[in-house]
Amino acid sequence: MSKYLCLSFDDGPNLGNDTTMNDMLDYLESEKIPASFFLIGNKINPQNRKVIERAQKMGCDIQNHSWTHPAMAEMSEEAIREEFQKCDDAVFEITGVRPQFFRPPYISVAEQMYNAIPLPFICGHGCKDWEPEVPAEERLKLMIEGTKDGTIFLLHVSEGNRATLEAVKKFVPMMKEQGYTFVNLPDLFKLEGVNPDVPKSLWSFVK
Ligand SMILES: [Zn+2]
């Protein structure tokens with residue numbers, strides 16, 4: 001039986017001269033595996049669109065993580081709709097594909113978000129990699145603890161987040177050795193035979 005894992009990365013693309021997302025792509029390319037990227041729409045600019053195009057060419061999927069990364073549970077349906085749509089349009093403009101999944105910023109979720117956003121919500125197994133003081137070894141340990149067939153890993157390629165790159169570089173060969181195949185998010189649902197379109201879903205494991 002095949003076993004599948006999906007690495008998903010939030011908060012790209014990177015601003016200024018930061019290369020965290022691109023460095024992650026270098027590594028994924030060297031291992032010949034895809035991943036999923038949930039982008040913050042208003043970070044996309046003419047300089048960093050190349051890295052998004054590169055990810056897409058490598059078989060990575062580009063998903064919606066809102067326009068400005070607010071805690072949306074506090075917002076009106078109309079404001080939520082705008083946050084969603086602006087990111088959706090920015091991704092479509094570059095990739096030619098509408099995002100199929102939404103990750104709520106801070107995994108802050110409320111009823112009106114499900115009304116306003118017409119996509120399945122993704123959480124994922126968190127590895128505390130948004131906390132700068134959590135070292136690579138601890139992130140790796142948390143990744144290993146969350147590993148089972150169908151796990152989505154919630155990770156970040158935010159500016160300067162080198163410890164996650166370090167943890168992923170140790171994690172991927174270890175899990176390949178154990179017989180896991182890394183796939184992108186749409187393929188994870190397909191290969192596990194699970195339909196993601198469940199009302200008010202918040203997926204972390206697909207099985
Ligand atoms: Zn985020």
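**From Ser-204 to the zinc site**

The side chain of Ser-204 comes within 2.9 Å of the backbone nitrogen of Gly-124. This is a predicted model. Ser-204 sits in the segment that follows strand 8 (202-203). Is Ser-204 buried or exposed? Its relative accessible area is 16%. Buried means under 20%, so Ser-204 counts as buried.

Now turn to the start of the chain. Strand 1, helix 1 (residues 20-31) and strand 2 form a β-α-β unit, and this unit is right-handed. Strands 1 and 2 pair in the parallel sense, over four bridges. Asp-10 stands opposite Phe-38 in strand 2. Strands 2 and 3 run parallel and are joined by four bridges. Here Phe-38 has Gln-63 of strand 3 as its bridge partner.

Which way do the side chains of strand 2 (residues 36-39) point? Ser-36 and Phe-38 point one way, Phe-37 and Leu-39 the other. All four residues are buried.

Next comes the packing. The largest nonpolar core holds 38 residues. Those touching the most other members are Leu-7, Phe-9, Leu-28, Phe-37, Met-143, Val-168 and Phe-171. Helix 6 (residues 162-177) gives the most to this core, with six residues. Take Val-168 as an example. Not counting residues up to four places away in sequence, Val-168 touches Leu-7, Phe-9, Met-24, Tyr-27, Met-143, Leu-155 and Pro-173. Another core lies apart from the largest one and has 13 residues. Phe-38, Ile-152, Val-183 and Val-206 are among them.

The last stop is the metal. Which residues coordinate the zinc ion? The donors are Asp-11 through OD, and His-65 and His-69 through NE2, at 2.0 to 2.1 Å. Their spacing in sequence is D-x53-H-x3-H. Asp-11 and His-69 link distant parts of the chain, 58 residues apart. Asp-11 belongs to strand 1 (residues 3-12). His-69 lies in the loop between strand 3 (61-64) and helix 3 (77-95). Both Asp-11 and His-69 are buried.

Key:
Residues are numbered from 1 along each chain as its sequence is written. This is a predicted model: local features need pLDDT of at least 70, side-chain atom pairs count only at pLDDT 80 or more; totals for chains, interfaces and linings use all residues. Side-chain values use heavy atoms; hydrogens and water are left out. A nonpolar core is a set of buried Ala, Val, Leu, Ile, Met, Phe, Trp, Tyr and Cys residues joined through side-chain atoms within 4.5 Å. Buried means under 20% relative accessible area, exposed over 50%, partly exposed in between (1.4 Å probe, protein chains only). Helices (H or I, at least four residues) and strands (E, at least two) are DSSP runs, numbered from the N terminus. Contact means heavy atoms within 4.5 Å. Donors are N, O and S atoms within 2.8 Å of the metal (3.2 Å for Na, K and Ca); water is not among the atoms, so sites may look incomplete. Two strands pair if DSSP finds at least two bridges between them. A crossover is right-handed if, with the strands pointing away from the viewer, the path from the first strand over the helix to the second runs clockwise. A polar contact is a pair of N or O atoms within 3.5 Å; within protein, one must be able to donate a hydrogen and the other to accept it, and residues adjacent in sequence count only if both atoms are side-chain atoms.
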